[in-house]
Amino acid sequence: MRSAGAALGLTWLPGAAGIWGPALPPLQPFMTFNFAVEVEGLLVGGFTQVDGLSGEVTFEEYQEGGVNGFTHKLPGRTSYTNLELRYGLTGVGMLWDWFAATTEGSIQRRNGTVMLLDRQRMPVMWWNFRNALPVRWTGPSFNAGDDQIGVEVLELAHEGLTKPLLSQAAALAQGIAGMAGA
């Protein structure tokens with residue numbers, strides 16, 4: 001299938017005049033500072049950072065005899081980066097308990113969700129992870145000359161990420177609502 005070229009692609013931008021009426025303001029990107037993490041339906045902490053929403057498909061190259069213009073690239077396995085959950089140290093120890101149970105051989109794989117929230121703290125987009133297992137815990141650093149919040153890090157290996165269609169629809173609806181209010 002051939003591409004129609006950049007000129008045609010640019011005319012389909014939502015802000016392009018004449019396509020859907022007058023020019024609309026561009027969709028505003030979501031801010032990443034407002035988010036929540038739930039594991040098995042429970043909001044499990046006040047997280048300061050989540051890293052590792054990442055996946056990669058490996059490809060194998062196949063050189064077909066007589067075809068010298070290109071090399072076939074066939075998709076292989078998909079791998080996902082471990083999630084790193086950083087959260088302020090509190091008296092609630094659910095995540096530590098999960099890690100400690102794993103170190104003692106009590107394997108409990110759990111599902112969860114990383115949710116991006118809008119300014120009213122309503123989910124606008126989310127990613128589900130499945131069959132997660134804690135593989136590393138890092139405790140807070142202590143320094144008597146510092147007044148920082150203690151932060152723990154729990155690293156989770158998991159079996160994949162999904163971004164549900166409802167999540168994508170919610171993000172689109174939020175973006176359109178934001179354009180209408182602009």
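Student: What makes the link that joins the side chains of E84 and R86 a polar contact?

Tutor: In this predicted model, the distance between the side chains of E84 and R86 is 3.1 Å. A polar contact needs a pair of N or O atoms within 3.5 Å, one able to donate a hydrogen and the other to accept it, so the pair at 3.1 Å qualifies.

Student: Where does E84 lie, and what does E84 touch?

Tutor: E84 is part of strand β6. Residues up to four places away in sequence aside, E84 touches Q49, V50, D51, R136, V153, L154 and E155. Each of these is called a contact because heavy atoms come within 4.5 Å.

Student: How do you know whether H158 is buried or exposed?

Tutor: The relative accessibility of H158 is 11%. Buried means under 20%, so H158 counts as buried. H158 sits in the loop between β9 and β10.

Student: What polar atoms does the side chain of H158 reach?

Tutor: A polar atom of the H158 side chain lies 3.0 Å from the backbone oxygen of T81. The side chain of H158 also reaches the backbone nitrogen of G160, at 3.2 Å. The cut-off for a polar contact is 3.5 Å, and the values 3.0 Å and 3.2 Å are within it. Among the residues that H158 touches, not counting those up to four places away in sequence, are Y80, T81, F129 and A132.

Student: Why is G150 called partly exposed?

Tutor: G150 has a relative accessible area of 22%. G150 is found in the loop between β8 and β9.

Student: How many residues apart in sequence are G150 and Y87, and how far apart in space?

Tutor: G150 and Y87 are 63 residues apart in sequence and, C-alpha to C-alpha, 8.4 Å apart in space. G150 is also in contact with Y87, as well as with G88, L89 and P140, leaving aside neighbours within four places in sequence. The contact cut-off of 4.5 Å applies to heavy atoms, whereas the 8.4 Å is taken from C-alpha to C-alpha.

Student: What makes β7 and β8 a pair?

Tutor: Strands pair if there are at least two bridges between them. β7, residues 110-117, and β8 have seven bridges and pair in the antiparallel sense. Within this pairing, G112 has F129 as its bridge partner, and R110 stands opposite A132. The two strands form a hairpin with five residues between them, and R121 in the turn has a positive phi of about 65 degrees.

Student: Which residue stands opposite F129 in β10, and how many bridges pair β8 and β10?

Tutor: F129 stands opposite L161 in β10. β8 and β10 pair in the antiparallel sense over two bridges, and at least two are needed, so the pairing counts. Five bridges join β8 to β9, again antiparallel, with T138 opposite V153.

Student: Why is β7 called mostly covered?

Tutor: Seven of the eight residues of β7 are buried, where buried means under 20% relative accessible area. β7 is also joined to β1 by five bridges, and those strands run antiparallel. There, A36 stands opposite M115 in β7.

Student: Which residues of the largest nonpolar core touch the most other members?

Tutor: They are F47, L95, W98, F129, L154 and L156, out of 18 residues in that core. Members are buried residues of nonpolar types joined through side-chain atoms within 4.5 Å. Elements that each supply at least two residues to this core include β1, β8 and α2. L95 is in contact with V44, F47, Y87 and L154, leaving aside neighbours within four places in sequence. In soluble globular proteins, nonpolar side chains tend to be buried together.

Student: What is the mean pLDDT of the protein, and where is the pLDDT below 50?

Tutor: The mean is 80, and 76% of the residues reach 70 or more. Residues 1-20 are below 50, and beyond near neighbours in sequence this stretch has nine contacts in the model. Where pLDDT is low, the predicted coordinates should not be read in detail.

Note on methods. Residues numbered from 1 in each chain as written. Heavy atoms only, no water. pLDDT = per-residue confidence, 0-100. Buried < 20%, exposed > 50% of the residue type's maximum accessible area, 1.4 Å probe, protein only. Helix = DSSP H or I, 4+ residues; strand = E, 2+ residues; numbered from the N terminus.
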